[in-house]
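Reader: I would like to know how the terms used for a structure follow from its values. Please take them one at a time.

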Amino acid sequence: MQAGRRGRRPLARLVSSARYAAPALFGYVLVRAIGIAVLMLWEGQHGTTSLHRLSTLWDASWYQDIARHGYAGTVPRPGPYGPYQPYAFFPVYPMLIRVVWWLGPLSVNYAALVVAWIAALVAAWGIFAVGERLYNRRTGVIAAALWGVTPYAVVESMAYSELVFSALAVWAMYAAVTRRWVWAGVLASLAGLTRPTGVAVAAAIGIGGVAALLVQWRQDRRGVLPEEDRLPWWRPLLGAALAPLGFVGFILWVGWQKGSLDAYFRIQDAWQSHFDFGRSTAHSFRVMLMVPGPVWMTDVVVAATITVSVLLLVVSVLQRQPLTLIVYSGMILLLALGDAAYFNSRARFLIPAFALLFPLAGNLARVRTRGLVPAVLATAALCSAAYGGYVVFVYTNSP
């Protein structure tokens, strides 16, 4: 009987945690439901349902082909700079798609959508958990809702790997701020098997873990460290060591498959994706501001998203967010700005940078005018939804 009670405790804690996070989860689901509802208004003019469109757009087919056939069985596709190959895509999301596809009656594209939507909800839960831990419950709820109304929040409803990556990255950050460094390293390693931006999570956990150990060592030397706050020295170091294994392991595996250590990076050349220290981003800004000619609305929105993200990073530093979050946000922003791929992808790359929303959420949490915060979030949800419809049904390139 005693063993049975112990076995139920983790489930009981999970249920209790879900109840506590329920306002955040409800708020996130509500704003994303607004996004889906607005997309449905576009359906009749384009001959396809919104859900089918969201489950099959652009890179979604790569993940689904890998889930069906594996890497070796997925056929490369011709591209202007060389063949597009499946080895450019990391394995965790296709593996999850394959599991759901095998277990249920869904087609592979809808299985991909189910995985993405569940991951988005898990990520929103994690955003609430981090916000509640560092600030307060109201800030956590608002931050989760804000994540669902960013300009490119429509990607949070697509069959894309950003959602699984965001879920893993958010909970890795939560593990770090609650000093569970080994769990943080494990989740960071899984994030590194999900997207190349896993290096940002690995860097944050590595630097944060070593910094935490140094702080503990200094406090211990000064005799001001309470015994209950003392961590075994090996936990932050083990977390830091585990964090990069997923990313490094996949890069080495691709190299082994292709017979060259730099094979993954050569495969990315077909997408013109490499780190150019921001030269492509600067060029795009220069063209928009100084060269006469038409400008796509997406270019303006992406430029505004980048600018606001940089300002929010500065504010996050001034507000003294934990070092782990600062490193993570800074690395995500650096990778987004430094990639040479086409300009519009940068806003999508910034979707996992959830900690940049905490300054906005904190300010909104201090507003006590009745109904103002829901009105702000509802307005933002409608604007995000309308722009999402434009991205999905009108704009000709991927986000």
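Reader: What makes the contact of R266 and D262 a salt bridge?

Author: The side chains of R266 and D262 meet at 3.0 Å, N to O. A salt bridge is a side-chain nitrogen of Lys or Arg within 4 Å of a carboxyl oxygen of Asp or Glu, so the pair counts as one. This is a predicted model, in which local features need pLDDT of at least 70 and side-chain atom pairs count only at pLDDT 80 or more, while totals for chains, interfaces and linings use all residues. Residues are numbered from 1 along each chain as its sequence is written, and side-chain values use heavy atoms, with hydrogens and water left out.

Reader: Why is R266 called partly exposed?

Author: R266 has a relative accessible area of 45%. Buried means under 20%, exposed over 50% and partly exposed in between (1.4 Å probe, protein chains only), so R266 is partly exposed. D262, at 32%, is therefore partly exposed as well.

Reader: How many salt bridges does a search of the whole structure find?

Author: The search finds six. In one of them, the side chains of R195 and E162 meet at 3.3 Å, N to O. R195 lies in the loop between α8 and α9 (198-222) and E162 in helix α7, 33 residues apart. Helices here are DSSP runs of H or I with at least four residues, numbered from the N terminus.

Reader: Are R195 and E162 buried or exposed?

Author: R195 has a relative accessibility of 9%, so R195 counts as buried. E162, at 1%, is therefore buried too. E162 also meets R348 in a salt bridge (2.7 Å, N to O). That pair links helix α7 to helix α16 (residues 345-349), 186 residues apart. R348 is at 7%, and so counts as buried.

Reader: Why are α7 and α8 called roughly antiparallel?

Author: Helix α7 (residues 162-177) and helix α8 (residues 181-192) pack at about 160°, with their axes 8 Å apart. Axes are lines fitted to C-alpha atoms over the stretch in contact, and angles run from 0 to 180 degrees between N-to-C directions. Angles over 145 degrees count as roughly antiparallel, under 35 as roughly parallel, 65 to 115 as roughly perpendicular and the rest as oblique. The two helices are therefore roughly antiparallel.

Reader: Which residues make the contact of α7 with α8?

Author: Contact means heavy atoms within 4.5 Å. Among the residues that meet this are F165, L168 and W171 of α7 and W181, W183 and L187 of α8.
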